[in-house]
Every structure is written in C-alpha cells, then in structure tokens.
Amino acid sequence: MLRSILRGAAATGPKAQAWYLSSTVNYSSAKSTKTNVKKAKKSNSKGGGDAGAADDSLAADVEAALFDEGSRARRLADDEKDPTLDVGPNGRPLFTSTPSLSQLTRKDACSYFKFKMEELNEALPEGLPIGMVKEFEDSMRSAVLVRQSFLDLRDNFRRIVDPPLSLSSSKDIKVRRQIVLDGPVSCGKSIALAMLVHWARDEGWLVFYVPRGWEWTHGGFFYKNPQTGLWDTPVQAESILKARI
C-alpha cells in the first residue's frame, strides 16, 4: 500500500531538487521514510537484480515524495486548516491572531506573525532583507517569529513620540533616540529592523530605509560635489526617492 501511494505521488507531482527541511516539517514521518530508504538499500545489497531494482525504485519514490516542494506546500496548507496543530510553547498558539504589528503585546512573543505579501511589499518598496526572504522560502510561509527584542525596540520609539504620563517619574524606563543593532550573523537583526520600519510607516513616520547597504557602495555612479566637497550618489538617491513617491 505504501509503495503504491508513494509511486502515485511521484508520478503526479514534478520532481524538484533536494533541499534542507525546516523545523516545520513533521519529523516523525521523515524518520519513518528514512528508515524505509535504509531498508531498501540493505535489501539491495542482499537480494537479486529484480529485487534490487524494485527497492531502488521505492527509495527514489520516497525521496521524491519527501522533497517535492509542491507536496510540502499542500501538506502545510492542510496543516493550517487543523487548529489542533496550532500549538506553540507552553500550549499557546503557534501563530498569533493579532492583526497588526502595532497591536502586538508581550503575550505574542515567541509566536509567529503572518504578513500579507501585498501589504508587506507596499510598506517596504525598497525590498525585503535577505534574511526575511530566506525565512519565507524555507518555511514556505510569509510569517516571522515575534521576538521580545522587536517589541522592546517598537515600544522605545513609541515612547519618544507619545511618552506616557508616568514616564517622568519612572527610573527604570530609559528612552533611547539612537540605537545600534549588533549581534552575530543570522540572529535576526535585519528582520527586526524591517518589522520596525513596517510598524513606523504604518504609524505615519517618514522612514529612510536601506535594506541592502552593499548597493550603496557597489555599482552606479558617484562624483565629488565641488561646492560641498562631499560625494554624491545620484543613482541611489533616485532609487530611494522613487520608493517613497
């Protein structure tokens, strides 16, 4: 029965190149599939030509069903329809139902926030950071983890424009107007910054955002302004202005 199902899946869906599975995959099914592949290889070394060919075919069908992107996308879509799977740390929902970044609270930390791609591209016309794009591609969902660090950044800048009445008497809360994000590679700095820009623009802020600083130093044109003595980059300036008009 398993062989016929896997062969049917391999015959109906296109084969894609193998890629690493993310943490959203059902590892129990992946483990059993790998066990079947090992059994197939073991029987291939012991059995004859026909049995070995059949086992090789089974192993190929298993790998095709496991790594096919279309199949995985369909499984993820089915999982979203099952509310019993929406379980995160401490039994809380894995995905938050909060509709906007502005309404997120500390209770939403360590849960995933789903973006609508149309709204996200409209809020960040300069483009998305590479880390966010990779997150979407690996998870096959336009959702990112809500970290406490992002909530702290958002609340800090929120206090600048709308300070609470009790802020002057509180010694524990410090408002910082200039913040430098620092940390190891792929720790979430770019994603937190993109979420912060998204929130600020939703709140009506005029935000200067450069998601890929490399583009400002490579390619395009630049010249030294004889009047100011500074270097002008007209191509990058044009790109920024187009994104905000």
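Visitor: Why is Thr98 called buried?

Guide: In this predicted model, Thr98 has a relative accessibility of 15%, and buried means under 20% relative accessible area, with exposed set at over 50% and partly exposed in between, computed with a 1.4 Å probe on protein chains only; Thr98 therefore counts as buried. Thr98 sits in the loop between α4 (69-80) and β1 (112-114), where helices (H or I, at least four residues) and strands (E, at least two) are DSSP runs numbered from the N terminus.

Visitor: What makes the pair Thr98 and Thr96 a polar contact?

Guide: The side chains of Thr98 and Thr96 are joined at 3.0 Å, and a polar contact is a pair of N or O atoms within 3.5 Å, of which, within protein, one must be able to donate a hydrogen and the other to accept it, while residues adjacent in sequence count only if both atoms are side-chain atoms. Leaving aside neighbours within four places in sequence, Thr98 is also in contact (heavy atoms within 4.5 Å) with Gln103, Leu104, Asp108 and Phe113.

Visitor: Why does Arg201 count as buried, and which backbone oxygen lies 2.8 Å from a polar atom of its side chain?

Guide: Arg201 lies in helix α8, and its relative accessibility of 11% falls under the limit for burial, so Arg201 counts as buried. The oxygen in question belongs to the backbone of Ala123, 2.8 Å from a polar atom of the Arg201 side chain. Apart from neighbours within four places in sequence, Arg201 is in contact with Ala123, Leu124, Pro125, Glu126, Val207, Tyr209 and Arg244. Leu124 in turn touches Ala194, Val197, His198, Arg201 and Tyr209, not counting residues up to four places away in sequence.

Visitor: Which residues of the largest nonpolar core touch the most other members?

Guide: They are Leu101, Phe115, Leu124, Met132 and Met195, in a core of 26 residues; a nonpolar core is a set of buried Ala, Val, Leu, Ile, Met, Phe, Trp, Tyr and Cys residues joined through side-chain atoms within 4.5 Å. Helices α5 (117-123), α6 (130-139), α7 and α8 each supply at least two residues of this core, and α8 gives the most, with 7 residues. In soluble globular proteins, nonpolar side chains tend to be buried together.

Visitor: How do you know that α7 and α8 pack together, and at what angle?

Guide: Phe150, Leu153, Arg154, Phe157 and Arg158 in α7 meet Ala192, Met195, Leu196 and Trp199 in α8. The residues of this contact divide into 7 nonpolar, no polar and 2 charged. Helix α7 (residues 148-161) and helix α8 (residues 189-202) pack at an angle of about 35°, with their axes 10 Å apart; the axes are lines fitted to C-alpha atoms, for helices over the stretch in contact, and angles run from 0 to 180 degrees between N-to-C directions.

Visitor: Why is Phe157 called buried?

Guide: Phe157, found in helix α7, has a relative accessible area of 15%, and is therefore buried by the criterion already given. Leaving aside neighbours within four places in sequence, Phe157 is in contact with Arg176, Arg177, Ile179, Leu196, Trp199 and Trp205.

Visitor: Is Ser186 buried or exposed, and what is its phi?

Guide: Ser186, in the loop between α7 and α8, has a relative accessible area of 73% and is therefore exposed. Its phi is near 65°, a positive value in a residue other than glycine, and most residues other than glycine have a negative phi.

Visitor: What makes Met140 partly exposed?

Guide: Met140 has 30% relative accessibility, which is why it counts as partly exposed. Met140 lies in the loop between α6 and β2 (143-145), and has a positive phi of about 60° although it is not a glycine.

Definitions and conventions. Residues are numbered from 1 along each chain as its sequence is written. This is a predicted model: local features need pLDDT of at least 70, side-chain atom pairs count only at pLDDT 80 or more; totals for chains, interfaces and linings use all residues. Side-chain values use heavy atoms; hydrogens and water are left out. Ala, Val, Leu, Ile, Met, Phe, Trp, Tyr, Cys and Pro count as nonpolar, Asp, Glu, Lys and Arg as charged, and the others, Gly among them, as polar.
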